[in-house]
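Visitor: Please put the sequence and the model on display, and then let me ask about them point by point.

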Amino acid sequence: MPEGDALHRAARRLQPLVGQRLEVESPNPRAQATGVAPRVDGRVLEAVEAVGKNLLLRFEGGLVVRSHLRMNGRWRIEPRGKARTGLPWLVLRGEAHEGVLWNGPVLTLETRNVDRLGQDVLAEEFDVDAAVARLRRVADRRLGEALQDQRLVAGIGNMWMAEALWSIRVSPWARVGDVDDGTLAKAVGAARGLMREALTTGRLGRQIYRRAGRPCLRCGTIVRSRGQGDANRTAYWCPGCQGGGGPPGE
Ligand SMILES: [Zn+2]
């Protein structure tokens with residue numbers, strides 16, 4: 001599944017197209033139905049950037065195409081005019097290259113900025129205090145769910161949430177309103193640190209994710225898992241060394 005680092009790589013691949021006036025089309029009928037391609041066809045691509053789980057393509061005139069890759073979406077860069085079979089979602093045709101989006105299930109056009117997204121957890125410049133302030137908006141939510149709310153902080157997926165909270169010994173079931181600012185800052189900082197390290201090394205150092213039923217690598221207690229939040233994503237935690245409580249009713 002594309003996490004934040006996959007989006008950053010896609011943004012880098014598409015950089016050769018920045019500054020060019022592009023021919024844009026949607027061979028895939030489902031993508032055509034979004035109406036995105038004709039709105040940006042013939043415009044200059046001004047920037048491509050990864051923000052959280054979204055790839056943002058900024059075109060002249062303040063038009064922003066937002067591409068969320070979900071499970072299967074892929075951006076590729078290919079030589080202009082390369083023969084292909086299949087129906088890509090979007091083709092961005094420049095002078096020498098084409099950026100091609102395959103299986104991009106979410107493609108939308110935005111005319112305002114995307115301030116409603118939280119800061120990108122992988123960004124070079126990151127304001128931890130601002131991220132903590134956003135998390136404070138959801139005092140009643142569980143920490144594991146809040147860390148994955150893209151409006152609060154963008155880019156933390158389920159795996160990194162689990163790893164970050166295990167690393168700082170806090171349960172994903174802790175209520176945001178019950179933990180102090182320092183703990184929220186450590187949680188976001190841990191996710192950021194682990195994700196940036198993975199981006200640099202290309203390795204995932206899993207300690208807790210998908211280890212339910214096995215002994216905790218730190219204290220030996222059996223790791224648990226349970227669906228959490230509106231999206232029912234599986235949270236993994238160690239009841240022995242992660243403080244802050246368990247699921248509702250326990
Ligand atoms: Zn443990």
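Guide: A disulfide is taken to be a pair of cysteine sulfur atoms within 2.5 Å. This is a predicted model, in which local features need pLDDT of at least 70 and side-chain atom pairs count only at pLDDT 80 or more, whereas totals for chains, interfaces and linings use all residues. Residues are numbered from 1 along each chain as its sequence is written, and side-chain values use heavy atoms, with hydrogens and water left out.

Visitor: How many disulfides does this rule give?
Guide: A disulfide is a covalent bond between the sulfur atoms of two cysteines. When the rule is applied to this model, the number of disulfides comes to zero.

Visitor: What arrangement do the four donor atoms around the zinc ion make?
Guide: Donors are N, O and S atoms within 2.8 Å of the metal (3.2 Å for Na, K and Ca), and since water is not among the atoms, sites may look incomplete. The protein donors are the SG atoms of C216, C219, C238 and C241, at 2.2 to 2.3 Å from the zinc ion, and along the chain they follow the spacing C-x2-C-x18-C-x2-C. Four donors count as tetrahedral if all angles lie between 85 and 135 degrees. Because the angles here are 96 to 118 degrees, the arrangement is tetrahedral.

Visitor: Is C219 buried or exposed, or does it fall in between?
Guide: Buried means under 20% relative accessible area and exposed over 50%, with partly exposed in between (1.4 Å probe, protein chains only). C216, another of the zinc donors, has 5% relative accessibility and therefore counts as buried. C219 has 38%, so its class is partly exposed.

Visitor: Which backbone oxygen lies 2.9 Å from a polar atom of the side chain of Q228?
Guide: Helices (H or I, at least four residues) and strands (E, at least two) are DSSP runs numbered from the N terminus, and Q228 lies in strand β11, residues 224-228. Q228 is buried because its relative accessibility is 6%. Contact means heavy atoms within 4.5 Å, and, residues up to four places away in sequence aside, the contacts of Q228 include R142, M161, W173 and R233. The backbone oxygen in question is that of P172.

Visitor: Which side chain joins that of R141 in a polar contact of 3.4 Å?
Guide: R141 sits in the loop between α4 (128-135) and α5 (143-146), and at 23% relative accessibility it counts as partly exposed. The C-alpha atom of R141 is 8.5 Å from that of A174, 33 residues away along the chain. A polar contact is a pair of N or O atoms within 3.5 Å; within protein, one must be able to donate a hydrogen and the other to accept it, and residues adjacent in sequence count only if both atoms are side-chain atoms. The partner of R141 in the contact asked about is E145.

Visitor: How many residues are in the largest nonpolar core?
Guide: A nonpolar core is a set of buried Ala, Val, Leu, Ile, Met, Phe, Trp, Tyr and Cys residues joined through side-chain atoms within 4.5 Å. In the largest one, L135, L143, L147, I156, L165, L184 and I208 touch the most other members, and the residues in that core number 42.

Visitor: Against which elements do the buried residues of α6 pack?
Guide: Nine of the ten residues of α6 are buried, so this helix is largely enclosed by the rest of the structure. Those buried residues include W160, M161, L165 and W166, and just after the helix R169 takes a positive phi of about 65 degrees. The elements against which they pack are α5, α7, β11 and β12.

Visitor: Which residue has its backbone nitrogen 2.6 Å from a polar atom of the side chain of Q20?
Guide: Q20 lies in the loop between α1 (4-13) and β1 (23-25), and it is buried because its relative accessible area is 13%. Leaving out residues up to four places away in sequence, Q20 touches R43, V44, L45, G94 and E95. The backbone nitrogen asked about belongs to E95.

Visitor: What distance separates the C-alpha atoms of A50 and A11?
Guide: A50 belongs to strand β2, residues 45-51, and counts as buried because its relative accessibility is 9%. A11 is one of the residues that A50 touches, along with L7, H8, L55 and D120. The two C-alpha atoms, which belong to residues 39 apart along the chain, are separated by 6.0 Å.

How values were computed:
Tetrahedral: all angles 85-135°; square planar, octahedral: opposite > 155°, others 65-115°.
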